[in-house]
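Please keep the sequence and the model in view while reading.

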Amino acid sequence: MPSHNLSRIQIDDLDVIGYSVAGEETVIALPQLDVCFDVGKAPDQIISINHVLLTHGHMDHAAGFAYYLSQRKFCGLPAGTILAPANCIKPMEEIVDAWGRLDGNRIPANLVGVKPGDEHPIKPNLFARVFPTKHSAGSVGFTVIERRKKLKAEYAGLNGPQLVELKKQGIQIDNPLEVPIVTYFGDTQYVDFAQLDYVVKSKILIAECTFYEDEHTGRANAGRHMHVDEFASLVERLENERIIIAHTTQRTPMHEVRKMLKKALPSDIHDKVMILMDRKYRK
Ligand SMILES: [Zn+2]
Ligand SMILES: [Zn+2]
């Protein structure tokens with residue numbers, strides 16, 4: 001029996017599995033991309049994923065990172081890689097070290113400090129790009145981007161052997177193309193993410209939208225989280241095929257969240273929005 005009952009949303013050939021409740025726990029993984037956004041309390045289902053992309057050091061997002069690393073050792077897996085804001089690395093190293101002393105076994109870890117603008121390889125054609133968010137000191141979001149090649153327009157009419165011939169002559173027949181697959185905000189207050197082209201065009205967006213009720217706007221500001229009205233004005237300017245809402249508050253019941261979301265969003269956008277913790281994804 002796995003440690004967690006995770007939600008599961010399938011989008012074409014990608015599974016999004018996770019659990020995300022504000023202040024309690026947030027962990028969202030895309031196993032086929034080999035990435036896990038934040039680590040929550042390290043559910044069993046994410047231990048075999050090789051990359052954890054940590055957005056900030058709050059306990060509900062980061063609590064299980066040392067357990068993730070040690071479980072990988074226990075299962076005979078190579079050291080896990082955790083990307084985290086650069087200012088989180090020293091305390092994370094201290095925690096890993098302290099757990100190693102407490103447990104009596106050294107915990108192998110590959111902790112990588114990142115800052116906005118950085119890119120980190122995930123798979124041969126896949127990398128994570130880091131962008132700033134507005135939540136806690138150094139907090140970041142991530143977009144996982146696929147690198148493809150696109151044939152240059154002037155060679156579009158040529159057949160296979162002709163293209164091979166050009167390649168043999170050392171001619172560059174294609175242009176590099178970046179295809180943003182998934183963006184994860186982590187926790188953040190409203191920021192005009194529509195200025196980031198790769199966020200706008202990301203096939204999947206996983207966005208926090210913590211608060212829904214009018215009287216919760218103050219809470220949203222104080223905790224540096226997004227309110228549904230801000231979320232609505234943001235997503236209107238994005239072009240994502242699918243938007244998954246994470247980090248919903250426990251203060252508002254799910255049936256109310258659904259209602260308020262429907263009210264706040266134009267129907268074409270509402271149609272592509274899913275709430276991670278909605279009952280229908282929790283089987
Ligand atoms: Zn949080
Ligand atoms: Zn937080």
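Predicted model: local features only at pLDDT ≥ 70, side-chain atom pairs only at ≥ 80, totals over all residues.

Ile 206 touches Val 16, Ile 28, Leu 30, Phe 37, Val 182, Thr 183, Tyr 184, Phe 185, Ile 244 and Ala 246, when residues up to four places away in sequence are not counted; contact here means heavy atoms within 4.5 Å. A second, separate core of 27 residues includes Ile 145, Phe 185, Phe 231 and Ile 243, a nonpolar core being a set of buried Ala, Val, Leu, Ile, Met, Phe, Trp, Tyr and Cys residues joined through side-chain atoms within 4.5 Å. In the largest nonpolar core, which has 59 residues, Phe 37 and Ile 206 touch the most other members. Strand β2 (residues 14-21) supplies the largest share of this core, namely five residues. Helices (H or I, at least four residues) and strands (E, at least two) are DSSP runs, numbered from the N terminus.

Residues are numbered from 1 along each chain as its sequence is written, chains are lettered from A and ligands numbered from 1 in the order in which they are written, and side-chain values use heavy atoms, with hydrogens and water left out.

Which residues hold the zinc ion (ligand 1)? Its protein donors are Asp 60 (OD), His 61 (NE2), Asp 187 (OD) and His 247 (NE2), at 2.1 to 2.5 Å from the ion, where donors are N, O and S atoms within 2.8 Å of the metal (3.2 Å for Na, K and Ca), and where sites may look incomplete because water is not among the atoms. Along the chain these donors follow the spacing D-H-x125-D-x59-H. The pair His 61, in helix α1 (residues 59-62), and His 247, in the loop between β13 (242-246) and α8 (254-264), links distant parts of the chain, 186 residues apart. His 61 counts as buried at 0% relative accessibility, and His 247 counts as buried at 2%; buried means under 20% relative accessible area, exposed over 50%, and partly exposed in between (1.4 Å probe, protein chains only). The arrangement around the zinc ion (ligand 1) is irregular because its four donor atoms subtend angles of 84 to 158°. Four donors count as tetrahedral if all angles lie between 85 and 135 degrees; four count as square planar and six as octahedral if opposite donors are over 155 degrees apart and all others between 65 and 115; anything else is irregular.

The zinc ion (ligand 2) lies 3.4 Å from the zinc ion (ligand 1), and Asp 187 coordinates both. The coordinating atoms of the zinc ion (ligand 2) belong to His 56 (NE2), His 58 (ND1), His 135 (NE2) and Asp 187 (OD), at 2.1 to 2.3 Å. Here the four donor atoms subtend angles of 91 to 170°, and the arrangement is therefore irregular. The donors of the zinc ion (ligand 2) are spaced as H-x1-H-x76-H-x51-D along the chain. His 58, in the loop between β5 (51-53) and α1, and Asp 187, in the loop between β11 (174-184) and α5 (197-200), are 129 residues apart. At 36% relative accessibility His 58 counts as partly exposed, whereas Asp 187, at 2%, counts as buried.

Turning to open space, the largest pocket holds about 310 Å³. Its lining comprises 19 residues, of which Ala 63, Phe 65, Ala 66, Ile 95 and Trp 99 are the closest to its centre. At least two lining residues come from each of α1, α2 (65-74) and α3 (86-103), and α3 gives the most, with seven residues. A pocket, on a 1 Å grid over the protein atoms alone, is an open set of points where a 1.4 Å probe fits, with protein on both sides within 12 Å along at least five of seven lines, and lining residues have an atom within 4 Å of a point. Grid points are joined across faces, edges and corners, and a volume is the space filled by probe spheres set on the points.

Two loop residues remain. Asp 12, in the loop between β1 (7-11) and β2, has a positive phi near 50° though it is not a glycine, and at 52% relative accessibility Asp 12 counts as exposed. Arg 224, in the loop between α6 (217-223) and α7 (228-235), likewise has a positive phi, of about 55°, without being a glycine, and Arg 224 counts as partly exposed at 36% relative accessibility.
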